[in-house]
Structures are given as structure tokens and as C-alpha cells.
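The stops below run from whole segments down to single residues.

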Protein chains: 2
Amino acid sequence: MANMISGGLRGLLDERQVDTPVARVVRALSGHGAVSAAQIARTTGLARSTVSTILADLKRSSLVVEVETRSPGIGRPALAHSLNPEAGTCLGVLLGRNELRVVLADVAHNIVADVAIPLERDYKPERATRMAKQAIDNIYKEHSLPYSGLLGVGFAVSAPIAASGRIMRGSQLPGWQGVDLRATFEPVLQKPIFADNESNCAALAEMMWGAAAGFENFVLFKLDLGIGGAIVANGKVLTGAAGTAGEFGHMVLDPRGDLCTCGNRGCMELSCSGTAVLGIAERRLSRSIGMAEFVKTAQAGDVGFQRLLEDAGEAAGRGLATVGTILNPGLFVISGGMAAAGEMLLAPIRSAYARHTLVKPGDGEGANPAFVTGRFLDNDNCMGAVGLVLRHHGRLT
Amino acid sequence: MANMISGGLRGLLDERQVDTPVARVVRALSGHGAVSAAQIARTTGLARSTVSTILADLKRSSLVVEVETRSPGIGRPALAHSLNPEAGTCLGVLLGRNELRVVLADVAHNIVADVAIPLERDYKPERATRMAKQAIDNIYKEHSLPYSGLLGVGFAVSAPIAASGRIMRGSQLPGWQGVDLRATFEPVLQKPIFADNESNCAALAEMMWGAAAGFENFVLFKLDLGIGGAIVANGKVLTGAAGTAGEFGHMVLDPRGDLCTCGNRGCMELSCSGTAVLGIAERRLSRSIGMAEFVKTAQAGDVGFQRLLEDAGEAAGRGLATVGTILNPGLFVISGGMAAAGEMLLAPIRSAYARHTLVKPGDGEGANPAFVTGRFLDNDNCMGAVGLVLRHHGRLT
């Protein structure tokens with residue numbers, strides 16, 4: 001039964017299929033999880049009556065189930081529709097700097113498993129393939145799920161990725177530059193492969209389940225050891241011609257500043273990345289310190305570390321002010337390990353932003369973007385890799 | 001007959017209509033002019049056979065006609081389809097600094113009339129409405145066209161415009177800030193009103209008929225007395241939360257630089273706008289000089305003016321390098337009066353861009369954006385205002 005259902009779903013999720021009303025409804029469900037018929041009509045542009053007829057058919061063939069959703073606060077639960085969780089599964093895989101992480105979700109957006117596999121710093125494609133396959137087989141076995149129900153595998157990668165699936169210069173994974181992700185994983189996993197860089201995946205996760213839910217236009221800014229980011233316009237993550245859109249860390253703040261690894265001078269990354277900030281902290285401490293401890297120490301009252309956070313926020317806010325002048329988004333999601341500092345980081349970002357951007361707080365109507373902390377500071381990229389499959393974004397063909 | 005046809009077209013172009021396959025085909029034709037059935041299938045996502053059936057029906061009811069198109073070079077003309085030019089007309093109106101300009105086009109994308117009406121520098125909404133109505137009535141009378149066939153009027157405005165149609169701070173039209181464009185023009189023109197700022201309109205014109213034809217992702221950079229710009233992502237012009245996306249002139253190049261009218265310091269506009277560049281030229285000449293004469297003098301060999309163009313290109317290229325790091329577009333269309341200088345401006349833009357952006361020329365695959373001069377250096381905004389109606393972009397409701 002589950003197999004029959006997922007067979008039907010596989011066909012409808014295939015983007016080479018004819019764009020029928022049924023396929024559009026299934027994709028809306030796949031992309032959004034539990035949604036009302038009215039939301040589906042809005043998303044697909046189909047008439048409400050057409051959506052109702054299609055939903056009734058899909059329920060009869062068990063592809064769709066009814067679920068109750070409850071908004072925050074009081075009020076009756078509302079009726080929503082979701083794909084049948086038994087109809088199929090998706091995998092998200094993070095190719096991290098020194099780990100693989102695998103998240104398994106069903107098509108109703110439930111997270112079934114989340115497994116991290118530590119790896120040596122310079123692991124190679126061949127080893128990653130073998131370890132990923134083994135982890136995936138274990139997960140499916142442990143949860144008694146059929147591998148045949150797996151609709152696709154999304155990869156979040158610490159590197160810019162070209163539309164062809166080739167990893168570009170700037171990869172954080174040593175030895176992976178030039179690797180073709182589809183040629184690497186498809187023969188072993190035997191499933192459709194999706195991929196995007198980790199920041200774009202993080203934006204997808206925040207849009208589907210997190211701080212940007214309901215937003216079609218926002219910017220994700222990720223302050224971790226490195227700086228990442230993503231731009232979402234009209235509900236789509238922008239990739240750019242060479243896959244490097246959203247690389248805010250390499251905006252030049254001072255063209256006569258220090259040399260950056262990217263070949264430019266005075267990049268934002270040199271002022272406010274975790275590597276830069278923790279480097280100063282470590283010189284003071286004469287020992288190494290991780291981001292979590294750094295943030296906790298600042299929050300516990302260390303005025304020196306507080307000043308480092310303030311300076312980092314000031315530099316970030318100045319760069320984001322330019323992003324704001326160019327893109328004028330309504331929302332910035334601040335993510336990554338440093339964002340755990342909350343207002344201690346957000347306040348200087350907000351004030352430097354207002355100081356240097358075009359639209360000023362007094363300009364009214366849509367003038368003040370919101371700055372919020374991301375929901376998934378820990379596993380956003382892996383959640384987003386699942387989202388790649390559910391939203392059919394970044395399919396490598 | 002023409003009236004019956006345009007009645008049908010009006011219904012199908014109405015975005016509140018149910019999104020039927022027929023409406024999608026008509027919109028593809030309206031947005032793209034003469035296109036092949038294969039292109040329509042690609043744009044709409046409909047099956048080729050569905051498209052053929054719909055086109056046959058539309059031809060029978062005279063809404064669509066067959067046209068021959070010829071690609072540059074040898075080869076047989078290809079068969080394409082276009083909306084019947086008799087099926088309807090669209091108007092584009094530029095609310096310029098000291099003129100109104102009105103372009104009339106039919107739904108097959110033919111330009112029927114292009115009229116400029118000089119106005120005093122500080123003309124007010126009431127006067128603009130009266131003059132526009134009078135000019136439009138004259139045009140329809142002169143060309144013996146029925147006003148009932150007018151599908152909508154697009155406005156290109158030298159100001160940021162909020163989604164509501166309200167003109168924001170930063171307007172180049174004195175006294176227009178806060179004006180509601182729809183409330184101003186709809187009661188008099190009695191037609192659907194569309195509006196966007198002039199740079200976004202220029203981008204639409206270059207995308208529909210000009211240097212960016214066939215591109216879904218590009219940046220328009222306009223160097224005139226002021227600096228404007230627009231970002232096109234996935235075929236749509238980004239507007240931003242407050243309507244200010246693409247205001248590249250106010251990117252801060254030097255936070256300790258001179259004060260700009262926008263309230264920031266060291267904006268790009270202060271280094272390379274026409275106002276800045278011509279100001280230096282005028283001090284040397286001890287008389288005023290226009291952009292066209294300035295460009296011609298530089299091209300005739302004036303080394304001082306050539307240096308001014310080079311410096312302007314260098315500043316612009318440095319700013320665009322940041323735009324490139326953020327957005328990674330495949331194409332920059334350089335437009336506006338200064339772009340008439342051609343390579344004398346483009347060469348320094350290209351070299352400063354390569355020097356300061358993230359993706360370097362040696363990075364391969366999609367790494368080198370093209371820099372080209374716009375096709376419509378004179379009337380791009382007005383052509384784009386027509387495009388607003390044909391593409392149903394910026395409808396005020």
C-alpha cells in the first residue's frame with residue numbers, strides 16, 4: 001500500500017511531468033506541510049472549487065490526509081490537509097567540515113530521524129558516499145521504512161555549487177573543489193539528487209519551519225566561524241550565475257583593508273566572522289575558545305567579550321545596510337552560532353543598519369525591516385537539505 | 001469586432017480571474033510578444049498539445065494571429081504566435097522631472113505612438129492628470145483607435161513607489177511625496193493603473209525588447225544625472241518592502257565621506273552620478289554642460305573628460321562588485337545618458353568589478369558577468385511603463 005502511494009507521489013513530484021492542477025496541489029502540499037484548502041488555492045492560483053475536488057480525489061487514493069492545526073492562542077483547531085506521512089520519505093544530508101549529518105523526514109514534514117556521523121577534517125567524496133549510504137541504510141532499517149519510498153536526497157554543502165552540481169572555488173571542504181555531486185552520489189543512492197550550499201539550505205529551513213515562515217522576501221545572515229547568507233525573493237532562494245549569491249562575508253567594507261582568503265581586501269568576514277572574533281578572544285585568554293563558550297561568557301557579564309560582540313554587530317550592520325539599500329527586504333534572519341547571543345548582537349546590528357542604509361526608520365510604510373534570530377541555530381542546513389527535496393529546489397539533472 | 005476581441009482579452013488578462021490554461025497562454029503572449037508554441041509551453045508549464053489546442057481556439061476567435069519571425073543570420077523564418085494587434089492597446093506614461101511622455105503600444109508589442117509633453121519643473125498631480133488625459137485622447141483620435149480597447153495604463157515615476165501606489169520619500173518630483181497614484185489617475189482615465197519607479201521600468205524594457213532579452217536574472221545600472229538601478233530575479237523585477245530595491249546610488253562606499261541628500265555619507269552617487277561628474281566638468285569649463293555634450297567631448301579626445309569617465313567607471317565598478325558579491329548576476333546592463341560613452345565607461349567598470357568582487361575571472365563556469373550597454377538609453381522608462389501593463393507587473397488595486 002505505502003509503495004503504491006509513493007509510486008503515485010513520485011510521478012506527481014517529478015518536475016518533468018506535465019504541470020496539471022493535481023500536480024500543482026501535490027507540490028503545494030509537499031512544499032508547505034499542513035495547509036488549508038484556501039492556502040492551496042492561493043499558492044497554486046487554482047479555483048477553490050477545483051482544489052476541493054482534487055483534495056477529495058487525493059484523499060480517496062490515500063495520498064492526502066486531514067490534520068488539525070492549532071494557531072498559537074485560543075480558538076478552535078482548523079482543518080488542514082497534508083500529504084499522507086506514509087506516502088514517502090525525503091533525506092537531507094549535510095556535508096559538513098568534519099561530519100556528515102543525515103535527517104529523515106516524511107512528506108508530511110515530520111522529522112523521523114537525525115543522525116550525526118563524525119568524520120576526519122579532510123574526508124574525500126568516496127568516503128562520504130560510503131558513510132552516507134551506510135547511515136541511510138541503518139536509518140531505514142531501524143525505522144522499518146521502505147527505501148523504495150525515498151523520493152530524493154538533498155545535500156547541504158559548505159561550498160558554492162554551480163547549477164550543474166559542480167563544487168566551485170571557495171569550498172570549505174578540502175579536496176572537493178570541482179567534484180560533481182550528482183555523479184558522486186546518484187550511482188550509489190539511486191535516487192534523485194538535490195543540492196545547494198548550506199546557507200541557502202538554512203534559508204529554506206527558516207522559510208519552511210522557522211523564523212521566516214510566511215515570508216516570501218527576506219535575507220538570511222549567518223554568523224558562525226565563517227559568514228554565510230542567502231537571499232529569498234518571491235519565495236525562491238537566489239543562487240546566482242555561479243552559485244555564490246548571498247556571500248555577504250565577502251562584501252568589501254574597506255578596499256584598503258587586510259587581505260582576505262578570497263583575494264579581496266577588507267571583506268566583512270575579516271571584521272566580524274567567528275574566526276576573527278574568537279581569534280581576539282583567544283589572544284586575550286591565551287587558550288582556544290569555542291563560539292558557545294564565548295557567547296556564554298559575554299552573557300555572564302564579560303565586558304571585553306560584550307565589546308567584541310558589539311563591534312562584530314556594528315560591522316555586520318554596516319554591511320547589511322548596503323544589502324538593505326540594494327534589496328530592501330522586510331526581514332533579516334540572523335543565524336549561526338554567534339546569533340545565540342541574542343539582543344547583545346542584534347541591537348548593534350539594528351543600530352548600524354539604520355545609520356548606514358537608505359530607508360530610515362522614520363520613512364513609514366515597510367521602512368523598518370525586522371531583525372530576528374533564526375530558529376534553527378544548530379541544524380538549519382540539514383533541515384533545509386530535506387526542504388530541497390520537498391520544495392523541488394536545486395534538483396541536479 | 002475589435003471591441004469584442006478586446007473584451008475577451010480584458011477578462012483573460014485580469015489577474016483576479018481563475019488561473020486557467022487559456023489565461024496562462026494569453027499572458028505568455030502578452031508578456032513576450034511573438035513566441036513559438038514551444039516557448040509558450042516552456043513559459044506556462046503546459047503540455048505542448050494543450051498549448052496547440054488553445055492556440056487553435058484563440059486563432060478561431062481572432063484573439064491570436066500567426067506571425068513570421070526571423071532570427072539574425074540566415075535560415076528560414078520561424079512560425080510564431082502573437083496576440084492580434086487589433087485586440088487591444090496599452091499605454092505607458094513617464095512622469096519625468098520636467099516632461100510627460102506617453103507611449104502607445106498594441107498587445108502584439110508594436111509601438112504605435114510616442115509623444116513628449118514638456119512641463120514646468122514643479123508640475124503637480126492635478127496638472128499631470130489633465131495633460132495626460134488630453135494627450136491620450138489626442139493620440140487615440142489621431143490613430144483612429146477606440147479608447148475602449150485600452151487595457152491599462154502603466155506609469156514610470158522618478159520616485160520609489162510603495163506597493164499601495166503611494167510615492168515615498170526620495171521622489172525626484174517636487175510635491176509628489178505621499179501622492180497615491182491610483183487615486184490620482186484612475187478616476188480620470190477609468191482604466192486599470194500600473195506603476196513602478198523608472199529604473200524598474202527600464203529593466204522591464206530591456207528584458208522585453210532590449211539588451212537583456214532572454215535573461216531571467218540580471219542587474220540594470222543606470223548612470224544619468226542621478227543613479228538608478230533594478231534587480232531582475234527569476235524574470236521578475238524586485239521591488240523591496242518599501243519599493244526601494246535597486247537604489248545602487250546610495251550604497252555607502254565610504255562611511256566617512258561627504259554627506260549625501262539621503263542622510264548617509266559617502267554614497268556611490270557622490271562619486272559617479274552625472275551630477276557629480278558634470279559638476280567637475282562645469283568648474284573646468286566655467287559654463288554648464290549637458291551629458292550628451294560631455295560624452296561627445298570625451299569621445300573626441302578630451303583627456304580630462306576621459307579621466308572623469310574613467311574615475312566614474314572605477315567608482316561604479318567598485319559598487320557593482322559588491323552587488324555582484326551579493327547577487328552574482330550573469331549580466332549587467334549599463335544604461336542612462338553616461339552609458340552612451342560605451343567602452344570608455346564600460347572598460348573601467350569591468351576592471352574595477354573584477355578587482356573587488358568575490359568571483360574572479362579565472363573561476364570558470366558562469367564566473368564572468370557580461371557588461372553591456374542598454375538598448376534604450378533615451379526612452380527605456382516609458383517603454384517599460386507599457387511593459388508593466390503587458391506583463392501585469394505593479395498593478396495598483
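## Start with the annotated segment

Select residues 20–69 of chain A, where UniProt, in an unreviewed entry, places the feature "domain: HTH marR-type". UniProt positions follow the numbering used here, feature names are shortened, and annotations may be inferred rather than shown by experiment. Over residues 20–69 of chain A, the chain is 66% helix and 12% strand, and the end C-alpha atoms lie 28 Å apart. Helices (H or I, at least four residues) and strands (E, at least two) are DSSP runs, numbered from the N terminus.

The model is predicted, so local features need pLDDT of at least 70 and side-chain atom pairs count only at pLDDT 80 or more, while totals for chains, interfaces and linings use all residues. Residues are numbered from 1 along each chain as its sequence is written, chains are lettered from A and ligands numbered from 1 in the order in which they are written, and side-chain values use heavy atoms, with hydrogens and water left out.

## Domains of chain A

Next, colour chain A by domain: domain 1 (2–86), domain 2 (89–203) and domain 3 (211–373). These bounds come from an automatic or database domain assignment. Domain 2 and domain 3 of chain A have C-alpha centres 27 Å apart. Their contact takes 13 residues from domain 2 of chain A and 16 residues from domain 3 of chain A, where contact means heavy atoms within 4.5 Å.

How much area is buried between domain 2 and domain 3 of chain A? The value is about 970 Å², and carbon and sulfur atoms give 52% of it. Buried area is the accessible area (1.4 Å probe) that two parts lose on being put together, summed over both. On the side of domain 2 of chain A, select S199(A), N200(A) and A203(A): these lose the most area to domain 3 of chain A, together 45% of what that side buries.

## Aromatic pairs

A search of the whole structure finds 16 aromatic pairs over all chains. Show F332(A) and F371(A): their ring centres are 4.9 Å apart and their planes at 5°, so the pair is stacked. Rings of Phe, Tyr and Trp (its six-membered ring) pair if their centres lie within 6.5 Å; planes under 30 degrees apart count as stacked, over 60 as edge-to-face and the rest as tilted. F332(A) belongs to strand β11 (residues 331–335) of chain A and F371(A) to strand β12 (residues 370–373) of chain A, so the pair ties together parts 39 residues apart in sequence. F332(A) is buried at a relative accessible area of 0%, and F371(A) is buried at 7%; buried means under 20% relative accessible area, exposed over 50%, partly exposed in between (1.4 Å probe, protein chains only).

Move to chain B for F294(B) and F305(B), whose ring centres are 4.9 Å apart with planes at 40°, so this pair is tilted. F294(B) lies in helix α10 (residues 291–299) of chain B and F305(B) in helix α11 (residues 303–327) of chain B, so the pair ties together parts 11 residues apart in sequence. Both are buried: F294(B) has a relative accessible area of 0% and F305(B) one of 2%.

## Lysines over rings

Select K133(A) and Y147(A): the lysine lies over the face of the ring, at 4.8 Å from its centre. In chain B, the charged end of K133(B) sits over the ring of Y147(B), 4.8 Å from its centre. A charge sits over a ring if NZ of Lys or CZ of Arg is within 6 Å of the ring centre and within 35 degrees of the ring normal.

## Single residues

Which residues does T244(A) contact, leaving aside neighbours within four places in sequence? They are P160(A), T239(A), T325(B), N328(B), L358(B) and V359(B). T244(A) is in the loop between β10 (236–237) and α8 (268–272) of chain A, buried at 5% relative accessibility.

Select A135(B), in helix α5 (residues 125–142) of chain B, which is buried at 12% relative accessible area. Not counting residues up to four places away in sequence, A135(B) touches V102(B) and I117(B).

Finish with N328(A), which is not a glycine but has a positive phi of about 50°. N328(A) lies in the loop between α11 (303–327) and β11 of chain A and is buried, with a relative accessible area of 3%.
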